[in-house]
Amino acid sequence: MTFLQFAYRNVIRNRRVYAAYFMASSFSVMVFFIYSMLLFHPSIENQFIQEIAFMGMAVADVVLVIFTLFFLLYSLSAFLQARSKEFGILQQLGMDRSQLQRLVFIETMILGVVALATGIFFGYIFTKLFFMVIRAMLVLDTLPLYFSPEPFLLTAVVFTTLFIVISIAGSIFIRQSAIIQLLSGSTQSRETAHFSKVGAFLSFGLLAVAYGLVLYCLYEMNVWWSPVIILCAIAGSYYFFKDGILYLIHKLQRNKQLYWRSLRIVTFSDAIEKIRENARMYFIVTMVSTLAIISVGVVASLTSFANQYRESNPISVLYVSESGNPYEASHIDQLTSDFYKENLTYTLLTAPVTKQTSAATNRPVQLLRETDINTIAAVLKEPLIDLEPGEGMRFGQEVRDGQEQLIHLRENTIYFHVDEGYQYFPLPEAAFDGPAYILSDEDFERIVNPYLYGDWASSVTTVFAFHVPDWLRTDKVGLTLDREMIASYEGNQELPFYFDNPGLNYSYISSTFSLLLVTGLLVAAVLILAAGSFIYFKFYTNLEKDRRQFEVLRHMGLTNQELRRIANRQLYPQFFLPWGLAMLHATFSFLFLQAVWVDIAAMSIAMEMLIVLGAFTCIQAVYYLLIRWRYFAHLQLHTG
Amino acid sequence: MAIVTADHITKIYDGKVAHSAINQLSFEVEQGEFLAIMGPSGSGKTTLLNLLSTIDQPTSGSLTINDQNPQTLSAKQAAIFRREQLGFVFQDFNLLPALTVEENMVLPLTLANQPVEEMKERVDRLIQDLHLEQVRNHFPHELSGGQAQRTAIGRALIHQPQIVLADEPTGNLDSKASKDVLELLTKINRERMTTIVMVTHDPIAASYCDRVLFIKDGEYFNEIYKEDLRQTFFQRILNLLSLLGGNVNDLSTVRLS
Ligand SMILES: Nc1ncnc2c1ncn2[C@@H]1O[C@H](COP(=O)(O)OP(=O)(O)OP(=O)(O)O)[C@@H](O)[C@H]1O
Ligand SMILES: [Mg+2]
C-alpha cells in the first residue's frame, strides 16, 4: 500500500463523515461556476443588464470565495480535531510529522479536487436552467448556453488555490499539536466544562440590549444604532452558547424534582454535554443561518419595493408639456411611432393643467378639471369623484383633520373648500410648480383670466397620459426622451417638458432586484448547506458514542419507544437551539428592516418576511427529519 | 428453586455462513446462586448473557427466567422486565459520560419514576456501601477503573433486581480493584440473596463463585461446585481450564489472599 493509496482509502472509508462537507464545498464551486458563466456571457446585448449582471455576479463570486475559505478552514480544523486520536496512534506507530502533514495535505487535496470536478460538472448542467430563470426575469429575448474556457478556468484556478491554501493550513494545524495532546483528543474539551455566571448574565444582557434597541428603533428610527445592535447580538449569541444556555440548564438540574424524572436525566445531561462540546459550532451555525435568512429577507423586501413602485406609478407613459413647448408635437409623434414599432396598443388621454395664484399665499397653484381626472381614473379602473361647485380636492396628498382650507384664486375670484385629498393615482410633482387641486367642471370653466404674472401661454401645462395595457413591454418607448431627461438632471437645465416611463424604470428596478434575489438565494443556499454540514459533521462524529450509550440504556430496560424519544430529544438541541436563536435574530432584523423601509417608502414587508421565515423553517424541518431518519437507522430504533 | 432454566437453547447467527454461537445448551441457576461462566474466547459467553438478558432471543430451545419466558414477551414487555428484574455490569463499565456518579446510579429509578425522596435515600446508602462518597459528583472520565466499576455495580443494584448479569466485570481492573469488586459482589449475593451470573476469563474471579459452568464452542463442557476452600476451588478451576486448552501455567502458583 503506497502512501497515496493510504490517504485515498482514508478519504473513501471516512466518506460518511466527509459527506456533508463535500456536498457544501462542491455546491459552493457549482454556484461560483454558474455565476461565472453569466459573468462571461458573450451575448447579453442590453448594456444596462450586462452591467448589473456583471457587477452582481462578480460581487457574489467574491463573497462566495471568502465565505468558502472560512467554511473550509473551520470544517478542516473540526475534522482534524475529531481524528486527533487516529493521528496520535499513527505517530505512536512511528509515522513522523512530515509524513503526517503530507497525509493531511493529500487527503484534503483529494477531497478538494473531487469537489471541484463535481461542482463544475453539475454547474455546467444547471447553467442552462439558471439562464432560463434569468432570461425570464430580465425579459431577455435569448440567453443561450455557450461554451468558452473562461468560466472553467476562473473556477478551477480560484478553487484550486483555495484548496491548496487550506491543505497547507491543515498540515500546519497538525504540526502544532503534540502526540500526547492528540491521543487525549476530545477529553480536553471537558476541562473547560465549567461555565461562568458572569458570561451567562452578560449574554442575557447583551441580547436584551440588542432586541431592546430594535424595538426602540421601531419608534424612533436611527440607522446608526445598527452597528451597536449587530455587535450586541453577535457577542450575546456567543456568550449565550458558551455560558447562558448552560446556566439555564444548570438551574433546572438543581431541581431534582424536575430533573430526576424518567428520561429527563438522560436527555438534559446529554444536551449539556453536547452544548459544552459544540458551543463554538452552535454560535457559528447561528450566525451563518442568520446571515442567510437576512440576506434572503433583504432581497425579498426589494422585490416588494419593485411591486410597490408599479402600484404607485400606474400611468404607463407620461409626457407633460409646458405651454409654448416647441418639441411637443414632434415628441408625441415620436412616442406614438415607438408604440407602433413595439406593436403596443395604447389609449392617449390629455388633461390641461392651469396655473393660478392663491390669494392667501400669493404663490402659484395648479388646477385640474374633475372630468379630466375621472377620464384617466376610469381607464386605470380607479373610483370616480363627484365635486360640487365650490368644492375642491388636494391632488396627490391627503388632507388631515384641521388642515381643511378655503382657497381663493385671485385672478378669477373663485373660492373653493378643500377638505379631502385625491390619491388614486399620482402625477409626478416634478412636472408642476406649486400644489395641485382638482376643481369641479363648473368652477374650472370660470377660469377665464390667465396667470397673474404671465399670459395664457404660460399658464397652461398639458398632461399626456398614455395608458398601455401591456405596460411591461414599454421599456423601448421614448428612450431618447429618457436620455434627455437624465441629461437635464445632470446638467441642471430646465426643459419645457417632462417625460416619465415607469415601465422602463420598472424593468430596471425589477431586473436588478430579481438578479439580486437569485444571487442572494443561491448564496443563502450555500450558507445553509454549510451550516447544515457543521451540524451533520458533529452529529456523525458522536454517532459511535451515542450508539454505545443506547446499548446500555437498552440493557437497562428502556423500550424502543422510550429510546426513540430520547434520541429525538438528543437531536433537538443540535438543530433547534442554533436555529431558534437564528430565527429570533432574523425576526428582529426584519423588524428593523421594516422600520427602515417605513422610513424610505412607507411600505410593509410583513408578507415577504413571513414567507422567508416560513421557507427557512421548512428547510430546517426537512433537514431535521432526514438526519433523524439516518440517526434512528444507526441506533436501530426503527424496528420493533 | 431454579430462577433460570435453559433447556436445549441454540443461537444461530445468520451471516454468509450460518454460525451457531450456542448449541443445545441446558443448565439451571438456583435462586441466590453466584454462578461463573467460563470458556475460551469465542465460545459464546457474551451471546449467552445476551440471551439471559432478553436483549436477544434463542433460535430454538426454551428459556425461563424468574417464571417468565422471554420469547413470549413483546419488545416492550421485555424492556420492562429488564428494567425491573435485571441488573447489568459490563467489562468497560458503560457509564453514561454525561452523568455524574450519583446520576448514573439513580438512572434506573428515574426510569421507573420513583419518588425523588426514595431515590435519594437509596442512592445515599449505596454510595456509602460502595465507598464512593468522595467521587459522588464526579463525571465518569474523572474516575479510576475501580471506582467506575463500583458505580456501574451501584447502578445495577439500585432497583434491587432479582438477577445481576455481569460480563467480565473485572476484565479492565487491576488485582486490587478486582478484589474489591468481587468481594462486593459476594457480599451482595450473601446479604440480599441476589442471583449473580458472571462471565469471566479470570480463574481468580471465578473462585469467588459458588459454581463455575464451562462452555466450549457454544456447548456444555463441564461444571464444578465450590465445596471447600477457595484455594482448592481455584486449583480445580485451573485444571479444568487447562483441559479446555487454555495456557494456565503462569497462574498455577498463584496464592489467593
Ligand atoms: N452479532 C453477531 N453476528 C454474527 N456472529 C456473532 C455475533 N456476535 C457473536 N458472534 C459470533 O459468535 C461466537 C460467540 O461470540 P461471543 O461474543 O459470545 O464470544 P465470547 O465467548 O463472549 O468471547 P470473548 O471471551 O472473546 O468475549 C463468535 O464466534 C462470534 O464470532
Ligand atoms: Mg465476550
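Mentor: Before we start, a helix here is a DSSP run of H or I, at least four residues long, and helices are numbered from the N terminus. Keep in mind, too, that this is a predicted model.

Trainee: Okay, let me try that on chain A. Which helix does Phe126(A) lie in?

Mentor: Helix H5 of chain A, residues 97-138.

Trainee: And which residues make the nonpolar surface patch of about 640 Å²?

Mentor: Phe126(A) is one of them, together with Phe121(A), Phe122(A), Ile125(A), Leu129(A), Met132(A) and Val133(A). Phe126(A) itself has 35% relative accessibility, so it counts as partly exposed.

Trainee: What about strand S1 of chain A, is it largely enclosed or left open?

Mentor: Look at how its residues are covered. Five of the six residues in S1(A), 317-322, are buried, so the rest of the structure largely encloses this strand.

Trainee: How do I read its pairing? Which strands do the bridges join S1(A) to?

Mentor: The general idea is that strands of a sheet pair through backbone hydrogen bonds, either parallel or antiparallel. In this case, S1(A) runs antiparallel to strand S8(A), residues 460-467, with six bridges. Val320(A) stands opposite Val463(A) there. S1(A) is also antiparallel to strand S9(A), residues 497-500, through four bridges, and Leu318(A) has Asp500(A) as its bridge partner in S9(A).

Trainee: Now chain B. What order do the six strands of the open sheet have?

Mentor: S5-S6-S7-S3-S8-S9, with mixed pairing. Strands S5 (86-89) and S9 (219-225) of chain B are at the edges with a single partner strand each, so one side of each has no neighbour in the sheet. From one strand to the next, the twist averages 20°.

Trainee: What lies across S5 and S6 of chain B?

Mentor: Helix H2(B), residues 75-85, running at about 75° to S5(B).

Notes:
Residues are numbered from 1 along each chain as its sequence is written. Chains are lettered from A and ligands numbered from 1 in the order in which they are written. This is a predicted model: local features need pLDDT of at least 70, side-chain atom pairs count only at pLDDT 80 or more; totals for chains, interfaces and linings use all residues. Side-chain values use heavy atoms; hydrogens and water are left out. Buried means under 20% relative accessible area, exposed over 50%, partly exposed in between (1.4 Å probe, protein chains only). Helices (H or I, at least four residues) and strands (E, at least two) are DSSP runs, numbered from the N terminus. Two strands pair if DSSP finds at least two bridges between them. Patches are made of residues with over 30% relative accessible area and no salt bridge: like charges are joined within 9 Å, nonpolar side chains (Val, Leu, Ile, Met, Phe, Trp, Tyr) within 5 Å. Accessible areas come from the Shrake-Rupley method with a 1.4 Å probe; for residues, only the protein chains shown count as cover. A salt bridge is a side-chain nitrogen of Lys or Arg within 4 Å of a carboxyl oxygen of Asp or Glu. Axes are lines fitted to C-alpha atoms, for helices over the stretch in contact, and angles run from 0 to 180 degrees between N-to-C directions. Contact means heavy atoms within 4.5 Å.
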